[in-house]
Amino acid sequence: MAALLNFLPWVRQGTASVITVPDSTDPATPVDARVELPVALSLDSVTTATAQLRLYGPGDVRGLDTRQIIRTDPAADATDFESNYLAAIEFDRPDLPWVFTPAAHDGAHRLRPWLCLVVVPADRAAVLADPSRPLPYLRIPAAAGAELPDLAESWAWAHAQVVGGDIAGALDGRPERTLSRLVCPRRLEPTTGYLAAVVPAFDAGVAAGLGQQADDATIPKLKPAWDATTAAIDLPVYHHWEFATGERGDFEELVTRLQRLPGDQIEGLGTRPVEVDGLPQPVGFGGSLRPAGSGPAPAYPPAFVEALRAALGAPGVPPPLYGRWHAAQSSIPDPARDVRWLRELNLDVRLRTAAALGTRVVREQQEVLMASAWTQVGAIEQANQLLRQAQLARDNARTRFAALSTLPAATLVQLAGPALARILVDPTRTTAAARFAPTRVPLAMSQGPFRRAARSGGPVARRITAAGGTGVPLPARLLARANGTASLVPPKAAQSGMVSVRHALEAVFGTGLLPRLCEITPDAIRNRVRTHPPTSPALKALYDAAARHQARMAPCPPPEPVVRPPLDLAAIATAVTTRLDPERAVPALMSSLVTAPGWAPADPLAPVLAAPEFPTPMYRALAALSQEHILPGLERLPANSITAVETNRAFIAAYMVGLNHEMSRELLWREFPTDQRGTCFRQFWESPAKDIDRIDQWPMDEPLEDAGPDGGDQVVLLIRGDLIRRYANATVYVTRADWYDASDGGPKLWRRRPIVDERYPRFQGSLLPDVTFMGFALDPADALGRQVNAQGNPIDDDGDELADPVADDKAGWFVVFQQHPTEPRFGLDETGTTPATGWSDLSWTNVTVVGHHLRIGAPLTGFPAGAPWPPPTSAALAGILLQRPFRAAVHLSDLLGTGTS
């Protein structure tokens, strides 16, 4: 949302606000900068006293703090300022233009500023410096009165600005929302250099700035610094800058000046006739752009097509078969539906020519392209070195793995011990090492120390073999026993009549005192013996009782064994053979080290045969050959005109195939690692998206225009003239239209209007000498919408007028030209609008220019009667001259070739 701007005719703050003498252009009017202010002084309840306070006036100013200057329009050294605009300068303080004016407003809220902005041609004046003068000075050697504005109207060219609705609050303490501005009313000429300067508006200020003694008696305070009769003058300069105007016309003028031309009605636009040997009539060759609704491809004589097809498959050195490596075809087979796009490309002389243009571009730029390709091959060579080493590792591992996979499960698990922590066992996806934990087999039996201890021929193996070994390798026997029901160390059986220590102690101490044997510590036993020595009768009784108890005690029950499940050796062995298979393990390892998007050979360890990528928009190289290859007949587009065409997808696809075909040949010749099927060029237009898919993935049964380019036909806007060159930041977009009834109560009169559904250019570029093109992802048929009759009402396919087109929703699209919003600028239109409907239509043809400056005291001409002119205040004038951003909409049916908007 745009900010609310409020203009004020003047601002007075501080002590100056108490000045009551009205401003007057009569130099005899007495003006005194001394103001009497009542000062209340209370001393022992005695009455007040008054004091005099003298304010500074224009004769006291010796310079201007340049930090107060926040903006100039135009900026310093600008070279293309609009000649119908007015130069201006802005200050930070909202009261600065009036702070040294020793007068109040004249009752009509008009107050002349103490300084003003002047603009003079750079060849008629100069800013000089003199050490004896406080300020540099502007010297106008002759006719100064004609080169400078009328100071009697200086009140009209100074105003303050407040952003937002709370004006009083902004002036009181929101400096970021306030400023003041001086405007120069000079009518500028196009292509002219100018010198702008801020100078004193009163004679007293001129004297002070030039270092002259100001005499209040001889120099009246409000006497103007010059008048119409002034011949030569030196004016002290507070600030100055230089600029130049461009050619005549602002954004609104240049947009209005654009001539709307339907692309299909410009004679010779889009095709050029070319004679072809073997064809009875010339062929219309096109380019990457064409008028919307171009007819189908010409039908070539069958004999000509078959002769060309035979020539492409002839032995020796036949003509190139474009796209052969990408389509994996050495010839054009029959029927055509098997390789439709390949057949169309090579058997249509127009498309073969487009492909040949691509080969020519590569040949002319082959050294630059190959230099760029070799800079991209470094990573490919490193990847291929790793892949070759991986192939060697896989081949060496195959024989050993074949023997390894035939081993018994127990032996295989033991040999794979170092890798068990990295081998996943399906379906739980846990590691093989983790499978040992809940089983009866300890993980240590699969590790190196165990294998060394139980190595064949070792002392442990000899003792076990001597003790009755079966001849099976010891590690396997030990693992089998540990995984079976037998224990490696069977529990000892208690002999008959044996009494356990627990039973003896329970008999002596009692079960209540010693419920569990583990609670009796060695210290407790020693303390018991120490307190009951062997000579004690109690100890003797203990031995006797234990002996008697032993005779009738049953053997101690054996401890309950801990039962654990066996280890699933088969599952672990299967996982080991699967995961350690070199056909799988080596490629899996390399996939984490080498990534090559788009490269998927049958052998995952095959060296990468990738193609380099060149993201440069290739329409530039095509245009460098000739702009006729972009759009034939482009020179027929008149200056300051617009039209719309569509993309020629078949031509673009053929050209891109030619580029990639020739680049593949060049890469092979230079021994670049490639299989000739890569797509090096995928960018035709200058856009963030790719314009074609990889050629080796094009559907073989589709026509060329559908197989390669991404998306359908696109609308391309052509603008010829100064608009985009001078307003590079202008916004151009398309927006959907809808129907509305413009009859105002009479017979139905349906018209189209833009609605909010914006699309911005997908690509854009420029062509010589002054053509700008912009492409939109918009189908030409959707852009056109319904055709209309002579009254402008929409009709159906049978020509009948639609009763209610609103529900039909086929109103087409508008292209919108929108000026970029800027800070406030002031001026008038270059030429008037007839009839004028408001102040926005006010132009230089309606006002009076005396000498070189706009005079607001003169009446308007050719403008609606009753307009309040002259404006009562400078604030009202600022609102009239404010130039708001301009926007214009043109329906695409006016540009594509059918219908009226």
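**Exercise 1. Is the crossing of H9 and H21 left-handed or right-handed?**

Before you start: this is a predicted model, in which local features need pLDDT of at least 70 and side-chain atom pairs count only at pLDDT 80 or more, while totals for chains, interfaces and linings use all residues. Residues are numbered from 1 along each chain as its sequence is written, and side-chain values use heavy atoms, with hydrogens and water left out.

*Solution.* 
- Step 1: Find the helices. Helices (H or I, at least four residues) and strands (E, at least two) are DSSP runs, numbered from the N terminus. Helix H21 covers residues 649–669, and helix H9 covers residues 366–376.
- Step 2: Look at the axes, which are lines fitted to C-alpha atoms, for helices over the stretch in contact, with angles from 0 to 180 degrees between N-to-C directions. Those of H9 and H21 come within 11 Å and cross at roughly 65 degrees.
- Step 3: Name the arrangement. Angles under 35 degrees count as roughly parallel, over 145 as roughly antiparallel, 65 to 115 as roughly perpendicular and the rest as oblique. H9 is therefore roughly perpendicular to H21.
- Step 4: A crossing is left-handed if the near helix is turned anticlockwise from the far one by less than a right angle, and right-handed if clockwise. H9 and H21 cross in the right-handed sense.
- Step 5: List the contact (heavy atoms within 4.5 Å). Gln 366, Leu 369, Met 370 and Ala 373 of H9 touch Met 663, Glu 666 and Leu 667 of H21.

**Exercise 2. Describe how H10 packs against H9 and H19.**

*Solution.* 
- Step 1: Take H9 and H10. Their axes come within 4 Å and cross at roughly 45 degrees, so H9 is oblique to H10.
- Step 2: Find the residues that meet. Trp 374, Thr 375 and Gln 376 in H9 contact Gly 378, Ala 379 and Ile 380 in H10.
- Step 3: Move on to H19. Helix H10 (residues 378–404) packs with helix H19 (residues 582–591) at an angle of about 155 degrees, the axes being 9 Å apart. H10 is therefore roughly antiparallel to H19.
- Step 4: The crossing of H10 and H19 is right-handed. Residues of H10 in this contact include Leu 386, Arg 394 and Phe 401, and those of H19 include Pro 582 and Met 590.

**Exercise 3. In what order do the strands of the four-stranded open sheet lie?**

*Solution.* 
- Step 1: Two strands pair if DSSP finds at least two bridges between them.
- Step 2: The order is S24-S23-S27-S31, with antiparallel pairing.
- Step 3: Spot the edges. Strand S24 (750–759) and strand S31 (887–891) each pair on one side only.
- Step 4: Zoom in on one pair. Seven bridges link S24 to strand S23 (residues 731–741), and Ala 737 has Pro 754 in S24 as its bridge partner.

**Exercise 4. Classify the aromatic pair of Tyr 619 and Phe 773.**

*Solution.* 
- Step 1: Rings of Phe, Tyr and Trp (its six-membered ring) pair if their centres lie within 6.5 Å; planes under 30 degrees apart count as stacked, over 60 as edge-to-face and the rest as tilted.
- Step 2: The centres of Tyr 619 and Phe 773 are 5.4 Å apart, with 85 degrees between the planes, and the pair is edge-to-face.
- Step 3: Tyr 619 lies in helix H20 and Phe 773 in strand S26, so the pair ties together parts that are 154 residues apart in sequence.
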